[in-house]
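Here are my notes on this model, point by point. Please read them with the structure open.

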Amino acid sequence: MSGGRGAAGGGRGGGDADAAQGGPGGRGRDGRDAPRGAGGRIPRTAWPRLAVLTAATFAAITTEIMPVGLLRPMSESFGVDEATVGLLVSVYALAVTVLALPVTLATTRMPRKRLLVGTLVAYAASNLVIALAPTFALAAVGRGIGGLAHAVFFSVVTSYASELVPHHLVGRALAIVYAGTAVGSILGLPLATTIGTTFGWPVAFLAVAGVTVLLAALALALPSVAGSPAQVGISLRTWWRRGLMTVASANGMLYLGHFALYTFITPLLLTVGVSLGAVGPALLLFGVAGIVGLWISGAFVDRRPRRLMLALTALLLLALVALAVLVPSGSLVGVLVACCVWTLTLGALPSLFMTAAVRTGGAPPDIVGALINMFSNIGISAGAAVGGLVFTAAGIGALPVFALVLVAASLALMLVARRRAFPPGAPRPPAAL
């Protein structure tokens, strides 16, 4: 494995002197190591570049979860039940699970810009196929195309973001870029849902396709970042020893619990009295809470990452306990409040998990991005599929109980993994693989 790359070990090239500042240990412009935990600001030249990556992650996540808000109209259009439409989420996530690591390893030498533009074009093609699909089977094919793009996308943006700032600011840069994942979940989904329920669900997919084409054009202006000059290897022993697999496992369990419930957020809201036309605005309300969580993540990710992750995961657990009690009772206001707390935590946790994984130093950022992406999508695909079974067998009220058990397991893993996977201290140097 080639050393000295990304968050754990410096620059792969491509940024200007004011932005990249690569080198082992995260050297500054004068060549000295930046102090661990040091302050500092994101370089001015890096902000527009990070903004493009953030917008790209927003489009990627919106593409991934868009069927969640459109289960009812899509099921009516294709003549299948809502649980079956939920499998479009599983198909997408399964493609990512299977392809993330092999595709990332196969493309490590490719220039990052070319790969980023290619994934954005593939997202556009995926959404276009789904919008025009006359059958559910063809829509599933379109989701497979999106899953292929998603398999490599997050490894690209993780390594790209790591190159645009000094080493000691990588956590903040990743929080900025991964804000797009949170905003996609908390704002992109309700906006797409509102468009889809107002103008027809195919219009929502066409709109997101247009956005991804625009972002592909903007990505052409990003600085060139070379691929790895040498073939990257895999060392499972190092991944376990450094705590990378522990972070990935905790992340996967949390995603499994979250998406077992979130995939069916529309029927949950309908059950407690929200009208179909009000589902989009309700999701937008949850998005406001998620923005608060996003701000919390950006403010504290480089200060007290362990305490923040534990506190937010515990808060998520409490929100799920509340939903387990309130959904069967039909308490509309209580459910809306609990969902706001739930989405507040999910606004922050994705970037915190990615930062924790990068900081283990177990692998270069692009491989870390692929691994976390793979485990996230194991959770998403299994969550959507098993959540559908639970929904069909036991009803919507059983889903919060199922979700809270898995989130509790994730929290327990974080608590016992203090030394390696979720330490309170600063980033480690990269592993020599």
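Predicted model: local features only at pLDDT ≥ 70, side-chain atom pairs only at ≥ 80, totals over all residues.

1. The volume of the largest cavity is about 320 Å³.

2. Which residues lie nearest the centre of the largest cavity? They are Ile 61, Glu 64, Thr 181, Tyr 255 and Pro 350, out of a lining of 26 residues. By class, that lining has 15 nonpolar residues, 10 polar ones and one charged. Glu 64 belongs to the lining, and Glu counts as charged, so Glu 64 is the one charged residue there.

3. At least two lining residues each come from helix H2 (46-65), helix H6 (136-163), helix H7 (170-199), helix H10 (244-262), H14 and H15. H15 supplies the largest share of the lining, six residues.

4. Helix H15 spans residues 365-394 and includes Thr 392. Is Thr 392 buried or exposed? Thr 392 is exposed, because its relative accessible area is 61% and the cut-off for exposed is over 50%.

5. Check the surroundings of Thr 392. A polar atom of the Thr 392 side chain lies 2.9 Å from the backbone oxygen of Gly 388. That distance falls within the 3.5 Å limit for a polar contact. What separates Thr 392 and Ala 83 in sequence and in space? They are 309 residues apart in sequence, yet their C-alpha atoms are 7.5 Å apart.

6. Next, the nonpolar packing. The largest nonpolar core has 133 residues. Leu 50, Leu 116, Ile 265 and Trp 342 have the most contacts inside this core. Helix H14 (residues 332-359) gives the largest share of the core, 15 residues. H14 also supplies at least two residues of the lining of the largest cavity.

7. Which residues does Trp 342 contact, leaving aside neighbours within four places in sequence? The contacts are His 258, Leu 261, Tyr 262, Ile 265, Leu 316, Ala 319 and Leu 323. Ile 265 is also listed with Trp 342 among the residues with the most contacts inside the largest core.

8. Last, the overall picture. The chain has 16 helices and zero strands. Of its 433 residues, 61% count as buried. Among contacts between residues at least 6 apart in sequence, 85% join residues at least 24 apart.

Terms used
Residues numbered from 1 in each chain as written. Heavy atoms only, no water. Helix = DSSP H or I, 4+ residues; strand = E, 2+ residues; numbered from the N terminus. Buried < 20%, exposed > 50% of the residue type's maximum accessible area, 1.4 Å probe, protein only. Polar contact = N/O pair within 3.5 Å; in protein donor to acceptor, adjacent residues only side chain to side chain. Core = buried A, V, L, I, M, F, W, Y, C linked by side-chain atoms within 4.5 Å. Contact = heavy atoms within 4.5 Å. 1 Å grid on protein atoms, 1.4 Å probe; cavity = no way out; pocket = protein on both sides within 12 Å on 5 of 7 lines; lining within 4 Å. Points joined across faces, edges and corners; volume = space filled by probe spheres on them.
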